[in-house]
Amino acid sequence: MSRPLEGMPVAIIGAGVAGLSAALALSARGARVSIHERSRSIGRNACSWMAGGMLAPFCERDGAEHAVCERGQLALTWWPARVPGVTQAGTLVLALPRDGAELERMAMRTHDHAWVDGEGIAALEPDLAGRFRRGLWFANEAHLDPRKALLAAAAAIERDGGHIEYDCDVRPGDFDGVPVVDCRGLAACDDLPDLRGVRGEMVILRSRDVRLSRPVRLLHPRTPVYIVPRDDGLLMVGATTVESPDGHPVTVRSAVELLNAAYALHPALADAEIVELGSGVRPAFPDNLPRLVERGRVIAFNGLYRHGFLLSPWYAERLGDRLSARYAEAA
Amino acid sequence: MDDLDLYGRRLSSRLLLGTAQYPSPACLEHAVRAARSEIVTVSLRRESGGPSGGQPFWKLVQGLGCRILPNTAGCHTVKDAVTTAHMARELFDTPWIKLEVIGDDDTLRPDVFGLVEAARILCVEGFEVFPYTTDDLGVAGRLLDAGCRVLMPWAAPIGSGRGLTDPYALRTLRAHFPDVPLIVDAGIGLPSQAAAAMEMGYDAVLLNTAVARAGDPVRMAAAFAAAVGAGRSAWLAGPMGERDMASPSTPVMGLAQWT
C-alpha cells in the first residue's frame, strides 16, 4: 500500500476495537498515531472486551442490514493479516427440533451456507454427535478471541512506532492542529446526540467435557444465543441485546437464558464452571450501522453496535481513505 | 368517519404495531410510517433491563408520534404485572396498559386467572386496561366485569404466525360482545390472516413479529396496512355469507337453449 499519510500526526481517542483498528489502518498509510485511552489498560471499560469475536458476515444478515454482510466480509482477510489467532473454521447454526422453523427462516434470509445432517454435524463437532439432526453450515466465516486480538493489535501499533497513552481522559477539543479520530464509544454521546447504548450480557464457561472448534449458534424464537470456543476449554456464551444504556451487572433473567441455551446445546455443560459473568454497553446509531462523522479536524468513528470486530476493518479503511484524500488536498 | 374508539380516544388506524425485534430503530420508524399506525406497544421489562428513566430507545419510540401502549410482557405474576404497570404509567404518563400475565413459557399462554385479578386491581386504580387474553368467552366476560372496556384475544401463540387457529371462537366472541372493541393480538403471520380477522368484524389487529422479522419489514408493514383496510371495508360492506347452492350471477331464465 502507498503511504499517503507519511509522517502525519493523528490523535486517536479510545483504545477499543474502533480506536485500535483506526490506528492500524492509519499507520499502514504512514501516519504517526497516538492513542489516548481513559483506562489503565486495554480492555477495561471497552465493550469490545466483552465481544464474541465472530467474523460472521453471512450469519449476521439474519436480522441486520445488507451492508453488514457486504462490509463485514473484509474482516475475514483484514484481521488475519494483522493479528495472530484468527480461526477460519466457519459457523454452525443449530436449533432444537421444536424450533426447526427458525432454521428454515434463517436459510431463506442468508446465503453462502449449506444444510448439514446429523452426520455432517458430528463430523464438524464430534462432541455434538447425536444431539441435532439438521443444521446450517457457513463454511466461510471465522472467529477470534477479542481480548487477545485487542492486545495483539495494541502491540502491533506500538511496534510500528505508534504510541498509546493510558489513564488519559481527553476530549476532541483538547488537541491543537492535528487531526483527531474520536473513538470514545458511548462516552461520545454528548457530541453525537443520535448515539444510544444497547446493553449486552455474556457468560464465560470452562468445560472439560465439551470442546467446540467453531462458533455454534443456537436459534430460538425469543432468545437466540451463540457459543464461541476460546483457548483452554473456555466457551463464551452470548449475548443479550437490551435497549438500555445501563451498565449494571448481569441480571438473573439474562444469566438463566444464556445458561439454559448452553445446557440445551449439550447437557454436559451443566458441569462446566462459570468463569465470568459480564456486561457491556454497545454504542449504536438509529440504523444500527457505524458512522464516520466529520466535524472540522475531528472525525468520529462510532456506533459499531454488535459488530465491532466484523465492521471495524471496513470503516477503518474508509477513514484512512478520507484522511488521505484530505491530506492530498492540503498538500 | 370510520373511527376506532379506545377508552374515549378516537383513532383512524386499525393496525397496532409492537416495537421489538426490528433490525434497527430506524427500520422500526419506517415500518410504523408505512403501516400508518397510531398506536405502538412498548415492552418495559424486556427492553429496559430496569426502571431507569429517560432510556434512549423509549425516547426514540416516543419520537414516532404514536400513542404509546406500554405492555407488561414477560410478567408471570399479578404482582409483577401490577408493578410494571405502575412503572409504565410513570414513565410514559399514560393510563393505558396492555396487560400480559404469562402462564406458560413455551406457548406464552396467558394465565387467565392472574389476568382477571390484575385487571381488577388496575381498573380500580384508574388504569385503562387492554388485556391480552385467550379466545375464551367466559374469561372475556370476567375481564369486562373487572372493568376492562377493550379486549385483546389471541389468534395463536405470540410470535407463532399461525393465523386464526380457532375462527369459531373468535366469531363467538364478536357475536357476544358486539359493542366492545375487540383487537386480535398475537399469532398473525400474514396480511391475509389480518384481513380475515377484520372481515369477521374485529375492530383492529395488533402485531409485531410478522412485520419485524419479515425480510423487508417496511414493505410488510405496508402490506398489513392494506390488508387491514381491505378487511375493514369488507366488514362494513356486509359480506354475502356462504350458501349451499350455486346461484348464477347472470339470470339464465329465457336464454336460448342450444345444447
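1. Salt bridges. Over all chains of this predicted model, the count comes to 35 salt bridges, a salt bridge being a side-chain nitrogen of Lys or Arg within 4 Å of a carboxyl oxygen of Asp or Glu. One of them joins the side chains of A:Arg105 and A:Asp62, at 3.1 Å from N to O. That pair ties together distant parts of the chain, 43 residues apart: A:Arg105 belongs to helix 4 (residues 100-109) of chain A, and A:Asp62 to the loop between strand 3 (54-55) and helix 2 (66-72) of chain A. Helices (H or I, at least four residues) and strands (E, at least two) are DSSP runs, numbered from the N terminus.

2. Ground rules. Residues are numbered from 1 along each chain as its sequence is written, and chains are lettered from A in the order in which they are written. Local features need pLDDT of at least 70, side-chain atom pairs count only at pLDDT 80 or more, totals for chains, interfaces and linings use all residues, and side-chain values use heavy atoms, with hydrogens and water left out.

3. The A/B interface. Chain A puts 21 residues into the contact and chain B puts in 22, where contact means heavy atoms within 4.5 Å. About 1,800 Å² is buried between the two chains, with 43% of that coming from carbon and sulfur atoms; buried area is the accessible area (1.4 Å probe) that two parts lose on being put together, summed over both. On the chain A side, A:Arg222, A:Glu243 and A:Arg253 lose the most area to chain B, together 29% of what that side buries.

4. Helices 5 and 6 of chain B. Helix 5 (residues 112-124) packs on helix 6 (residues 137-146) at about 15°, the axes being 8 Å apart. Axes are lines fitted to C-alpha atoms, for helices over the stretch in contact, and angles run from 0 to 180 degrees between N-to-C directions. The pair therefore counts as roughly parallel (angles under 35 degrees; over 145 is roughly antiparallel, 65 to 115 roughly perpendicular and the rest oblique). Residues in the contact include B:Leu115 and B:Ala119 from helix 5, and B:Val139 and B:Leu143 from helix 6. By class, the contact has eight nonpolar, no polar and two charged residues. Here Ala, Val, Leu, Ile, Met, Phe, Trp, Tyr, Cys and Pro count as nonpolar, Asp, Glu, Lys and Arg as charged, and the others, Gly among them, as polar.

5. Helices 1 and 8 of chain A. The axes of helix 1 (residues 17-28) and helix 8 (residues 308-330) come within 8 Å and cross at roughly 45°, which means helix 1 of chain A is oblique to helix 8 of chain A. Among the residues that meet are A:Ala22 and A:Leu26 in helix 1, and A:Phe309 and A:Leu323 in helix 8. This contact divides into eight nonpolar, four polar and one charged.

6. Backbone spots to look at. Most residues other than glycine have a negative phi, and most peptide bonds are trans. The peptide bond from A:Gly238 to A:Ala239 is cis, with omega near -25°, and A:Ala239 lies in the loop between strand 13 (234-238) and helix 7 (252-265) of chain A. A:Asp232, not a glycine, has a positive phi near 60°; A:Asp232 sits in the loop between strand 12 (225-229) and strand 13 of chain A.
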